[in-house]
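Here's a quick tour of the model you have open. Keep the sequence handy as we go.

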Amino acid sequence: ESVGLPLINVSYNDTFYFKFNRLGAWLWKSDNGFRVGGVIMSHAGYDKDDGDLLIIDRDDSTMAGVNFAYSKGMFSTEAGYVSDVSDTSEGAKFYAQAQYTMVATPKYTLTVSAKLENLDEDLVSYYYGTKESTSNATLALIGTYQLNEKWTLLGAVSATSLGDEIADSPIVEDDSYNAVLVGATYSF
């Protein structure tokens with residue numbers, strides 16, 4: 001299955017940002033790479049017409065909370081805790097991600113990324129119909145190639161292992177999934 005969509009990253013004054021599906025602001029920044037901020041994101045729902053195993057609709061949850069980041073040289077990490085503020089799922093999740101850029105030249109980069117996401121029992125129950133919290137793990141390899149000052153090509157491959165409670169859900173067929181992303185970015 002393939003899907004085309006715009007990926008938008010905007011940063012203003014290194015304080016406010018919109019990054020793919022997250023809107024945030026860094027409220028405190030240290031000189032040694034630490035940051036603390038607030039973040040708003042969504043947890044995607046689904047329509048029962050989206051798949052054969054879906055029998056009910058589930059709305060998106062708007063989630064808000066706090067996130068932390070640290071960056072030093074080629075290494076960066078981010079973690080956060082968000083909870084549903086839309087009273088849709090009444091759930092919460094914790095996420096932690098680390099990235100290391102293995103290759104960095106003026107023309108191209110190659111970065112490895114690992115992410116762990118823990119969904120509480122309310123979030124899992126609402127979206128997947130099972131009753132316990134669970135964790136998903138993702139590994140990814142991301143590459144970029146700068147064509148000129150404005151345009152950069154990017155590509156990524158990722159593998160995600162779903163937690164047992166999601167894998168055991170009656171609406172989920174597989175316990176893992178892979179993704180390939182190919183795209184281009186324009187900087188202004």
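## Ground rules

Buried means under 20% relative accessible area, exposed means over 50%, and partly exposed is anything in between (1.4 Å probe, protein chains only). What you're looking at is a predicted model, where local features need pLDDT of at least 70 and side-chain atom pairs count only at pLDDT 80 or more, while totals for chains, interfaces and linings use all residues. Residues are numbered from 1 along each chain as its sequence is written, and side-chain values use heavy atoms, with hydrogens and water left out.

Helices (H or I, at least four residues) and strands (E, at least two) are DSSP runs, numbered from the N terminus.

## Salt bridges

Side chains of opposite charge can pair when their charged atoms come close. A salt bridge here is a side-chain nitrogen of Lys or Arg within 4 Å of a carboxyl oxygen of Asp or Glu. How many salt bridges does the structure hold? There are four. One of them joins Arg-35 and Asp-14, with N to O at 2.6 Å. Arg-35 sits in strand S4 and Asp-14 in the loop between strand S1 (9-12) and strand S2 (16-19), so this pair ties together parts that are 21 residues apart in sequence. Arg-35 is partly exposed at 21% relative accessibility, and Asp-14 is partly exposed too, at 41%.

Next up are Glu-78 and Arg-22, whose side chains meet in a salt bridge at 2.9 Å, N to O. Glu-78 belongs to strand S6 (residues 75-84) and Arg-22 to strand S3 (residues 22-29), so the pair ties together parts 56 residues apart in sequence. Glu-78 counts as buried because its relative accessible area is 14%; Arg-22 is buried as well, at 12%. Then there's Lys-93 with Glu-117, where the closest N and O atoms are 3.3 Å apart. That pair links distant parts of the chain, with Lys-93 in strand S7 and Glu-117 in strand S8 (residues 108-119), 24 residues apart. Lys-93 and Glu-117 are both buried. Salt bridges that share partners also join Asp-14, Lys-29 and Arg-35 into one network.

## A negative patch

Which residues gather in a patch of negative charge on the surface? They are Asp-47, Asp-49, Asp-50, Asp-57, Asp-59 and Asp-60. Patches are built from residues with over 30% relative accessible area and no salt bridge, joining like charges within 9 Å and nonpolar side chains (Val, Leu, Ile, Met, Phe, Trp, Tyr) within 5 Å. Lys and Arg count as positive and Asp and Glu as negative, leaving out His and the chain ends. Each charge is placed at NZ of Lys, CZ of Arg, CG of Asp or CD of Glu, and accessible areas come from the Shrake-Rupley method with a 1.4 Å probe, with only the protein chains shown counting as cover for residues.

For a look at one member, go to Asp-49, which is in the loop between strand S4 (34-43) and strand S5 (61-72). Asp-49 is exposed, with a relative accessible area of 67%.

Is Thr-101 buried or exposed? Thr-101 is buried, at 17% relative accessible area, and lies in strand S7 (residues 92-104). Leaving aside residues up to four places away in sequence, Thr-101 touches Met-74, Thr-109, Leu-110 and Thr-111, where contact means heavy atoms within 4.5 Å. Thr-101 and Leu-154 are 53 residues apart in sequence and 14 Å apart, C-alpha to C-alpha.

Over in strand S8 you'll find Asn-118, partly exposed at 29% relative accessible area.

## Loop spots

Asn-13 has a positive phi of about 60° although it is not a glycine. Asn-13 is in the loop between S1 and S2 and is exposed, with a relative accessible area of 61%. Glu-90, also not a glycine, has a positive phi of about 60°. Glu-90 lies in the loop between S6 and S7 and is exposed at 55%.

Finally, Gly-73 is in the loop between S5 and S6, exposed with a relative accessible area of 73%. The C-alpha atoms of Gly-73 and Glu-173, 100 residues apart along the chain, are separated by 40 Å.
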